[in-house]
Amino acid sequence: MSKDLLMKECKEKMEKTIEATKHKFAGIRAGRASVAMLDGIKVEQYGSLMPLNQIGTVSAPEARLLVIDPWDKSVIPVIEKAIMSANIGLTPNNDGRVIRLMVPELTADRRKEYVKLAKKEAEESKVGARNIRKDINNGLRRLQKAEELTDDELKAAEEEVQKLTDKTIKEIDNLLTLKEKEITTV
């Protein structure tokens with residue numbers, strides 16, 4: 001693998017790390033309804049586990065309400081069971097056509113738990129970025145040993161990888177700050 005390919009791979013992986021962090025943060029409650037809160041829920045239909053958004057329409061028409069409108073109404077009890085077993089703190093109510101989930105106001109303790117969870121997710125993302133840096137640097141050193149890179153080229157490439165890592169970690173920290181603010185703002 002060439003230096004250019006390694007650098008391209010590094011940039012792509014760092015961008016994916018940031019996107020994954022945004023996705024993780026979207027699933028953390030902030031006191032208002034978000035369809036991302038239901039992302040991890042799978043429902044058994046037609047003999048296989050399917051994501052909730054593939055068996056019906058999931059929407060957040062109000063700040064404290066999620067609505068699930070399944071295309072096949074016979075699957076409503078299965079959806080309710082999946083939501084209850086997911087243990088996300090929401091109780092489903094159905095009228096035979098749609099399932100409504102009221103999102104309760106967050107308590108101070110719950111807010112602290114969610115901030116703690118966001119910090120944990122951010123730290124995992126930062127560790128991921130550092131692991132990417134380590135892998136790319138190892139690849140660069142292999143190129144240098146194979147005499148495809150000079151010492152100066154290796155040093156310059158490692159500095160560029162470090163800059164990408166620093167930029168990614170700074171972006172994760174910024175996302176965390178925004179998420180903390182979102183969670184703690186009443």
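Predicted model: local features only at pLDDT ≥ 70, side-chain atom pairs only at ≥ 80, totals over all residues.
Is lysine 119 buried, exposed or partly exposed? At 45% relative accessibility, lysine 119 counts as partly exposed. Keep that residue in mind.

Helix α1 first. α1 covers residues 3-26, which is 24 residues. From first C-alpha to last, α1 reaches 35 Å. That is close to the 34 Å expected at 1.5 Å a residue.

Which residues of α1 are buried? They are Leu6, Met7, Cys10, Met14, Thr17, Ile18, Thr21 and Phe25. Where do they pack? Against α3, residues 108-145, and α4, residues 151-184.

Glutamate 9 pairs with lysine 13, with the closest N and O atoms 2.8 Å apart. The two are 4 residues apart in the helix, so about one helical turn separates them. An α-helix has 3.6 residues a turn, so residues three or four places apart point the same way. Glutamate 9 is partly exposed, at 23% relative accessibility. Lysine 13 is partly exposed too, at 34%.

Now α3 and α4. Their axes lie 10 Å apart, at an angle of about 170°. Angles over 145 degrees count as roughly antiparallel, so α3 is roughly antiparallel to α4. The residues of this contact divide into 14 nonpolar, 7 polar and 11 charged.

Back to lysine 119. Lysine 119 forms a salt bridge with glutamate 180, the closest N and O atoms being 3.6 Å apart. Glutamate 180 is partly exposed, with a relative accessible area of 21%.

Arginine 64 forms a salt bridge with glutamate 105, and the closest N and O atoms are 2.5 Å apart. Arginine 64 lies in the loop between β3 (56-62) and β4 (65-70). Glutamate 105 lies in the loop between β6 (99-102) and α3. So the pair ties together parts that are 41 residues apart in sequence. Arginine 64 is partly exposed at 28%, and glutamate 105 is partly exposed at 46%.

How many salt bridges are there in the whole structure? A search finds 17.

Technical notes
Residues numbered from 1 in each chain as written. Heavy atoms only, no water. Expected span 1.5 Å × (residues − 1). Buried < 20%, exposed > 50% of the residue type's maximum accessible area, 1.4 Å probe, protein only. Contact = heavy atoms within 4.5 Å. Axes fitted to C-alpha atoms, helices over the stretch in contact; angles between N-to-C directions. Parallel < 35°, antiparallel > 145°, perpendicular 65-115°, else oblique. Nonpolar A, V, L, I, M, F, W, Y, C, P; charged D, E, K, R; others polar. Salt bridge = Lys/Arg side-chain N within 4 Å of Asp/Glu carboxyl O.
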